[in-house]
Structure formats: structure tokens, C-alpha cells
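These are my notebook entries on a structure that I looked up.

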Amino acid sequence: MTRTKIAAILHNPTLNQQILVKAWVRTKRGNKNVNFIALNDGSTIENIQVVAESSLFSDESLKDVTTGACIAVKGTLKASQGAGQSVELEAESIEILGKADPETYPLQPKKHSLEFLREIAHLRPRSSTFSAVFRIRHQLSYAVHTFFHQKGFSYIHTPIITASDAEGAGEMFQVTTLDLNKIPKDEAGKIDFKNDFFGRQANLTVSGQLEGELFAMALGEIYTFGPTFRAENSNTARHLAEFWMIEPEMAFYELPENMALAEEFLKYLISYILENCKADLDFLAKRFEEEEKNKKQEERAEMGLLEKLEFVRSNDFVKLTYTEAIEILKDSKPNKKGQFKYPIEKWGSDLQSEHERFLVEKHFKKPVILYNYPKEIKAFYMKQNPDNTTVAAMDVLFPGIGEIIGGSQREENLEKLSHRIKEVGIEEHALWWYLDTRKFGACPHSGFGLGFERLMLFITGMSNIRDVIPFPRTPQNADF
RNA sequence: UCCUCCUUAGCUCAGUUGGUUAGAGCACAUGACUGUUAAUCAUGGGGUCCUUGGUUCAAGUCCAAGAGGGGGAGCCA
């Protein structure tokens, strides 16, 4: 007899039929005459209730049916006599597939703190919250591919190990096979990489963008979706040392088309989850609501999770230049009252979190796309505007998350790009292959990077980025 | 990396001004109970009070250093 998944049983129940369920025990309760076992197999957030009559199953035979154990139940699906569920499985035989000693199994049928669950990351997907989060994570990945596929983009696997040390996106993890106890040095006393695996210094990628641009110059519209590594000592609820990033890169797109794509993309992804993950989202929305109750009045979110997602999907994002943002901030109440830790004084300084949060959460109360930033605070490859002071950069800012997308139109003019490379002190010869795209058949093009986990935070309503990736990598933590 | 708060039973937490044998709820074990919904009720077992050092007649409580964690900031996605 083949097993039936719980999702299939509950979504399309056929009563009085014999079925086989294989799943993990969430709780068992009962009395002298009957036992109730709540079972979950991960196919859905919902449990199925197994009814084990004492006439068929002695207490002894159910001794090992404890929270966390894996069992196989053969029985008949019946309309439930109880109130909490419409159908239940009347057990005819129960086989213990794997015991879980209740004295030592750490997950209990009660609410655990996220901090505790993080310490048992190997077991936390068996909890309701994390199973919901990770089913959504799968659906969201699928939606990313679906969106780009439907638009004719090609998925490009850019390398995870790169020898390019000029990307400037952040601190890098070095990849080496050299014996760290006997590092070879040259005459000048510098590390000799000739005998290293690649014959030169190599690192884990901090971005697939530069390689992505090469393929956009050939296939037109491409995207990458892969792991990204930053060795920054960042200890926040929004940063990981290993995270997943989606980076589309499009030939012939200028900044306005780039912004429009970013907005369409985010709305598509949110819609997809709203339409395809209803049960999991409902659970997370309830959870979100309870978390909000524990917060102080002034820190509570104005909208519930579903309301917030609905709002973002159905409202236009505000598009605003850096210069306009500075004007708004200069005239804002908190700036005049001295409530900003970093007061807005002059044009040209980078915006702090508090400024972005004011614009998004207080002033506009919706997602904001800021564009045309001062060139000094942005990367070398961004398109220089005719004013000679700004670049065609854009940041998409989300409430509660901050920067969720960073992107730009790229500088396609060889002279301007090479001038900027020298200005910021990057060695030009290391980027010869990148500069070749500007030498041979250059064209206007654009792209952006979306932090996958940051979007997960927004969609699931979780508050720590470590809780939306299966095994978080952060400074001082690479367990599991 | 900086600021700040926290660390007491398997989990969540209380522990007053330093003072006898450190508590509660849940979990677990045993028993009761005719359909439960994180079942309920009774009884019971369970402690490196994060670590090290110091002050004191006396430290879970005060001081110092270290470790781990939360929140905020910086860097960014």
C-alpha cells in the first residue's frame, strides 16, 4: 500500500477509504478508552488526527508513540466526531518507524523561543513556524524562476569561486589549498600563490553581477540566483555571511525600465505567495499578530501581515531622487527637532537607516525607490549622469527591512568607466574581461540585486534573517 | 566592530535590602478519567544559579574579566 500525503488527504478527503499515512507525532493525548495522535508529515502546516481505540491498541503498544517519533498508520478516513477537525484517521495498525525518547527530544508541544530553536537548527524544521517558513521559501524560489522564465530571461550559473579581487562589494572569504601552517613566501616576503590550487589568489563570490553583465551582452536578458558570501563582521538581524541573491541583468534597459522591472518583480513574488501559500501565510500572520501584542504600542506595526502584503502588491512604489529625499528629510519634523542621530545638513552624505525608515515608514508609508545618488557613495560601475555628480543608481526600500534591492544602470562608456576605475583605485588590468564588453559592442544596460532572505523576512513577517535560511552562517557561527 | 540589555530545572521565567534546605508553569514518570484539541486532575523525580577570580562571617544576589545570546548602530542584499 502506498502512503498518502496529509496535504492530499485534507484537501481532497474521500471518506471510508483505507489509507496509509507516514508522519511524525506532534502530540498524543487521550483517556482509558481512546487515544488521539496529532500527525504531521510536512506536506502541509495542518495535522491529521489519528484515533486509536483502546480496544485495538493497548497502552503498552502506544508507549513509543511520543512527540517527535515517526510512525506509519494504516486506517480508515472518517468524518470526525470532535470539533477541531472535519476528518480523522481511525487507526487499524500502527508501526513505529523511529522512536524519539521523550526525556531527551528537545521539541515540546508548546511555544519555543526562536533563539532556542536556532540552537537546534537540525530539528527546528519540525516546528510549525519553521515548516511554514521553509515551504514558503521553496515556493518563493520557484516563483523567481517562473517570473524570469515567462519573460524570456536565461538563468545563468555564475561562478562561486572567483579570482577577481576587484569587485569591491565587501570583505571576501579566501579559498585556498595552501598549508596554512607553512605558507609559501616569495623573495619580497609576500604570499606566493603560484602553488595554490588556481595559481593565484581566489575568493568566494560577493556578487555575480560582473559575470552576469557578460551574458546580458550575449543573451540579452539574464538572471543569476545563487549563494553569495560576505566576510563582513556584521551582527544584525538583516545580515548573513552566506546568503542567496537574485541578480537580473538586462541589455537595452535604462534606469526607468530597471526600476519598473524591480517593482513588477517584487509584486509578482508577493502575489504568488499570497495565492499559493495561503495556509502557511495564515499561520504566520497569526503568529505575527501575537508577536505584535507583546510590543509597546508605539512599536506596533500598523498593518497585519496579510494586509501589508496586499497593500504592497496593489500600490505603486514611490519613486524619488536622492536630491528630493534630502529636501524632504531636511524639512522633516525629526530633523528640525534634532531627533535624528545624524542630522541632515548637506547634499552628498549617505542616508542612514533612520532616514530611510522615516521616508518609508513615516512619510510615505509605502515602498520607496530612491534613485540618482551622489557618485561618491556608490560603486564604480554605475552609469554617470550628465550632471557629472550623480549616478543612475536605485535602492528599493521596504518598511521594516530597509534596502531590499540595490541596482543601477551600468556605465557602458569605456573612457568614463576606466576613468572611474582609476579614480576609486582599482587595478584596471584585473578587470580586462569586464572592460572588453565596453570595447566590443557596448550598449546601455541595467540590473539589480535582490536579497532573497530579506524578501523572505518581509513575506513571512519573521524578524531575524537567521530564521528564514535553513542553516544560517554568521560571525562565530557555522554549526550544523 | 561600537552601544545596550540578558544568562537560574529539558523549555519559559520568578527569586525582595546579600542571610536557613533556590521556586512556579510547561515538559517528563506514575496513577485517575467514556471523544481529546498545547486535554484535564493528583502524586513524584529533576539544579555546575554561564565560567573564572575577587569583596564579605555569609554571594543566585555586589565587583572585575571572559564566553554565549537578544535589541539597536555601522557595512550592505
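**Entry 1: a residue and its contacts**

Which residues does I6 touch, not counting residues up to four places away in sequence? Before answering, I note that the model is predicted. I found that I6 touches V21, A23, L39, N40, D41, S43, T44, E46 and I48. I then looked up where I6 sits, and it is found in helix α1, which covers residues 6–11. I6 has 0% relative accessibility, and it therefore counts as buried. I also compared sequence with space for one pair. I6 and I45 are 39 residues apart in sequence, and from C-alpha to C-alpha they are 9.5 Å apart in space.

**Entry 2: the RNA strand**

How many residues surround RNA strand B? I recorded 48 residues, and the closest are N33, E103, T236, H239 and R454. By class, the surface near RNA strand B has 23 polar, 15 charged and 10 nonpolar residues. I next asked which parts of the RNA are involved. Of the atoms of RNA strand B within 4 Å of the protein, 50% belong to sugar or phosphate, and the rest belong to bases.

I then looked up contacts with base nitrogens. For H239, an N or O atom in the side chain is 2.8 Å from a base nitrogen of RNA strand B. For G30, a polar backbone atom is 3.0 Å from a base nitrogen of RNA strand B. I also listed the elements that give two or more residues to the surface near RNA strand B: β1 (18–30), β3 (48–53), α2 (114–119), β11 (242–251), α10 (353–363), β15 (402–409) and β16 (445–451).

**Entry 3: strand pairing around β5**

I followed β3 from the previous entry to its pairing with strand β5, residues 87–98. β3 and β5 pair in the parallel sense over 3 bridges. In β5, E90 is the bridge partner of V51. Strand β4, residues 70–79, also pairs with β5, in the antiparallel sense and over 10 bridges. Here the bridge partner of K74 is S93 in β5. As background, I noted that in a regular strand the side chains alternate between the two faces of the sheet.

**Entry 4: an open sheet**

In what order do the 3 strands of the open sheet stand? The order is β7-β9-β8, and the pairing is antiparallel. β7 (161–162) and β8 (174–175) stand at the edges with a single partner strand each, so one side of each is left without a neighbour in the sheet. T162 stands opposite N203 in β9.

**Entry 5: cysteines**

How many disulfides does the structure hold? I recorded 0 disulfides. A disulfide is a covalent bond between the sulfur atoms of two cysteines. C70 counts as buried because its relative accessibility is 15%, and C277 counts as buried at 5%.

**Entry 6: a strand residue**

Is T321 buried or exposed? T321 has 14% relative accessibility, and so it counts as buried. T321 lies in strand β12, residues 318–321. Not counting residues up to four places away in sequence, T321 touches L370, Y371 and N372.

Conventions:
Residues numbered from 1 in each chain as written. Chains lettered and ligands numbered in written order. Predicted model: local features only at pLDDT ≥ 70, side-chain atom pairs only at ≥ 80, totals over all residues. Heavy atoms only, no water. Near = heavy atom within 4 Å. Polar contact = N/O pair within 3.5 Å; in protein donor to acceptor, adjacent residues only side chain to side chain. Helix = DSSP H or I, 4+ residues; strand = E, 2+ residues; numbered from the N terminus. Nonpolar A, V, L, I, M, F, W, Y, C, P; charged D, E, K, R; others polar. Buried < 20%, exposed > 50% of the residue type's maximum accessible area, 1.4 Å probe, protein only. Contact = heavy atoms within 4.5 Å. Pairing = 2+ DSSP bridges. Disulfide = S-S within 2.5 Å.
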